[in-house]
Amino acid sequence: MQKLRERTQVWEDVVVQPGQNLLSECQSDVFEIECEIKLDEAREIGFKVRKSDKEETIVGYNVNSKTLFVDRCRSGESAFHTEFACKHDAQVELQNGRIKLHLFVDQASIEVFANDGEVTVTDQIFPDLASTGLEFYVMEGMARVISLKLYKLMSAYSTNAV
């Protein structure tokens with residue numbers, strides 16, 4: 001997968017509060033994120049991916065319920081099945097108040113690995129091709145981004161990838 005990385009953006013030791021979006025200048029439809037977040041007083045942190053005015057898929061962590069979740073209620077086309085637009089979650093314990101997340105996102109899927117693969121969540125999504133916005137959000141309180149790496153990925157089918 002590392003051969004598919006085209007461009008890297010890095011943030012380290014950044015405090016994020018509600019209403020701030022560390023990724024406001026970033027857009028991509030195929031990317032990888034590696035991060036370690038210290039939650040401090042935050043109730044929830046997460047990423048809104050494949051985002052537009054009408055769509056977003058949320059990958060987050062809720063402190064109160066100790067759950068990692070993927071919310072695809074607004075992730076794009078879902079009319080083909082009444083139960084497709086839903087939220088999936090899994091129990092994950094913080095490690096010293098921190099969570100590590102590793103995400104892979106493309107045109108139709110999301111793979112999330114928490115705490116070095118302790119928990120994984122995989123989901124399909126069907127967003128509009130124009131939905132390429134990204135957001136890192138914090139709810140109630142602040143969180144410290146220990147490190148966040150955003151890799152724009154090229155297609156695995158590209159001749160440059162091999």
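Strands here are DSSP runs of E with at least two residues, numbered from the N terminus. The model is predicted, so local features need pLDDT of at least 70 and side-chain atom pairs count only at pLDDT 80 or more, while totals for chains, interfaces and linings use all residues. Residues are numbered from 1 along each chain as its sequence is written, and side-chain values use heavy atoms, with hydrogens and water left out.

Start with the sheet. Two strands pair if DSSP finds at least two bridges between them. Five strands make up an open sheet in the order 6-5-4-3-10, and their pairing is antiparallel. Strand 6 (87-91) and strand 10 (133-139) sit at the edges, each pairing on one side only. From one strand to the next, the twist averages 15 degrees; for angles like this, axes are lines fitted to C-alpha atoms, for helices over the stretch in contact, and values run from 0 to 180 degrees between N-to-C directions.

Now for strand 4 (residues 56-62). Buried means under 20% relative accessible area, with a 1.4 Å probe and protein chains only. On that basis 7 of the 7 residues of strand 4 are buried, so this strand is largely enclosed by the rest of the structure. In a regular strand the side chains alternate between the two faces of the sheet. In strand 4, Glu56, Ile58, Gly60 and Asn62 point one way, while Thr57, Val59 and Tyr61 point the other way.

Strand 3 (residues 44-51) pairs with strand 4 in the antiparallel sense over 6 bridges, with glycine 46 partnering glycine 60, and a hairpin of 4 residues links the two strands. The hairpin of strand 4 and strand 5 has 4 residues between the strands, and in it lysine 66 takes a positive phi near 55 degrees.

Aspartate 71 is buried yet has no salt bridge, and lysine 87, the nearest side chain of opposite charge, is 5.1 Å away. A salt bridge would take a side-chain nitrogen of Lys or Arg within 4 Å of a carboxyl oxygen of Asp or Glu. A polar atom of the aspartate 71 side chain does lie 2.9 Å from the backbone nitrogen of cysteine 73. Leaving aside residues up to four places away in sequence, aspartate 71 touches Glu56, Thr57, Ile58, Cys86 and Lys87, where contact means heavy atoms within 4.5 Å.

Methods
Buried < 20%, exposed > 50% of the residue type's maximum accessible area, 1.4 Å probe, protein only. Lys, Arg positive; Asp, Glu negative; His and termini not counted. Polar contact = N/O pair within 3.5 Å; in protein donor to acceptor, adjacent residues only side chain to side chain.
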